[in-house]
Amino acid sequence: MNMDQNNAIVNNQIKHFKWVKKYPYIVIFSTLTLIYILISLLFDRFFIESNLIALLKSFSFIGIAAFGQCVVLLSRGIDLSVSATYNFSGVFCAVIIQSLGLPAIIAVFICLAASVTFGLISGMLVTKLKLSPFIATIGMLSIINGFSHLITENNPSLYLPIELRLIGQGYIGPLPVSFVIYICFAVIFAILLHSTVMGIRLFAIRGNEWGAKVSGINVNGIKLFAYALSGFTAGLAGLMDAARVGFAWPSTGVGYELNSVAAAVIGIVSISNGLTTILGVIVGSLFIVMLQNSFMLLNISGYWQQIVIGITVLSIIAFSRGIKINEPTE
């Protein structure tokens, strides 16, 4: 069999999968629906109100962090310091309230400002020192984690005041406050990415960074914005999670950087071509949360959960790139 025949066979096989590329959300929603049906058949506990509320809250925390990660991915970067910022925000808020006696609202603003600052530092390492995003944010991950342990001295009893717990434990009607906040952020990010000049420029950078520079776009400035935004969303998600349990400790968000990346990738955020929608990130976040909830109901070790998420992400990226590389030109 010659090379042309091999190519013809591959191209014929790829054509059968082009509808997947054209309508990716049909595939993802179908998968989620199947998971939902299986879980509901296997576990009566899935429909218990407490489980559904916990599902919504976890979805909100991961989803908000994933929105910021989505913007960083569009800027041709990645933020692996998300979990560290997530941790730091909650413990720093508790420490300054207990140590300085600041009102909760002021402490929240200080913590979010610190989170944005960490994001800006990551952005400057990438744009000014020309470090790779992976190296820069891994370094920041270690630094921020060090600060978290330093200010708490590994003390797990960092309780948050009742007024701050509202964002993690309160309700607006039947919905958790955290989920309402998530919906607001989904709308804001949808407008940002698809209806503003900033969104257009982010997509331009994702598609061709050099071309964006030549066309006059301030690429470095937009990258700084992306990392600062990622820091903000990670810090806010961390505060909300700490408020949910009522206290903070330095290891709260371990693994959240991978969950936020996974949510973006599973939501058909193609790292190779920058095709991104907020709907995709929402679907990806829901996939991660439902997977976590299923493993919890099955009493399966969280380590297996990490393995499954990793395999899923690698499979989706490999499948997406395989279609792109082998797809015949029209």
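How are H4 and H6 oriented to each other, roughly parallel or oblique? In this predicted model, H4 and H6 are roughly parallel to each other, a term that applies to angles under 35 degrees, while over 145 counts as roughly antiparallel, 65 to 115 as roughly perpendicular and the rest as oblique.

Because the model is predicted, local features need pLDDT of at least 70 and side-chain atom pairs count only at pLDDT 80 or more, whereas totals for chains, interfaces and linings use all residues. Residues are numbered from 1 along each chain as its sequence is written, and side-chain values use heavy atoms, with hydrogens and water left out.

**Overall architecture**

The protein chain has 14 helices and four strands, where helices (H or I, at least four residues) and strands (E, at least two) are DSSP runs numbered from the N terminus. Of its 330 residues, 47% count as buried, meaning under 20% relative accessible area, with exposed set at over 50% and partly exposed in between (1.4 Å probe, protein chains only). Among contacts between residues at least 6 apart in sequence, 78% join residues at least 24 apart, a contact being heavy atoms within 4.5 Å.

**Helix packing**

Two packed helices are described by the angle between their axes and the distance between the axes. The axes are lines fitted to C-alpha atoms, for helices over the stretch in contact, and angles run from 0 to 180 degrees between N-to-C directions.

| Helix pair | Axis distance | Angle |
|---|---|---|
| H4 (residues 82-100) and H11 (residues 219-245) | within 7 Å | roughly 50° |
| H4 and H6 (residues 133-152) | within 9 Å | roughly 25° |
| H3 (residues 49-74) and H9 (residues 197-207) | 8 Å | about 55° |

H4 passes H6 in a left-handed crossing, which is to say that the near helix is turned anticlockwise from the far one by less than a right angle, clockwise being right-handed. On the H4 side the contact includes Phe88, Val91, Phe92 and Val95, and on the H6 side it includes Leu141, Ile144, Phe147 and Ile151. By class, this contact of H4 with H6 has nine nonpolar, six polar and no charged residues, with Ala, Val, Leu, Ile, Met, Phe, Trp, Tyr, Cys and Pro counted as nonpolar, Asp, Glu, Lys and Arg as charged, and the others, Gly among them, as polar.

H4 and H11, by contrast, are oblique to each other, and their crossing is right-handed. Val82, Thr85, Tyr86, Ser89, Gly90 and Cys93 in H4 meet residues of H11, among them Gly231, Ala234, Gly235, Gly238 and Asp241. The residues of this contact of H4 with H11 divide into seven nonpolar, seven polar and one charged.

H3 is likewise oblique to H9, and their contact joins Val71, Leu73 and Leu74 of H3 to Leu202, Phe203, Ile205 and Arg206 of H9. Here the division is six nonpolar, no polar and one charged.

**Individual residues**

Leu55 lies in helix H3 and is buried, with a relative accessible area of 13%. Leaving aside its neighbours within four places in sequence, Leu55 is in contact with Phe46, Val289 and Asn293. The C-alpha atom of Leu55 is separated by 7.5 Å from that of Met290, 235 residues apart along the chain.

The structure holds zero disulfides, a disulfide being a pair of cysteine sulfur atoms within 2.5 Å. The sulfur of Cys93 has its closest cysteine sulfur in Cys111, at 4.1 Å, which is too far for a bond. Cys93 counts as buried at 0% relative accessibility, and Cys70 counts as buried at 0% as well.
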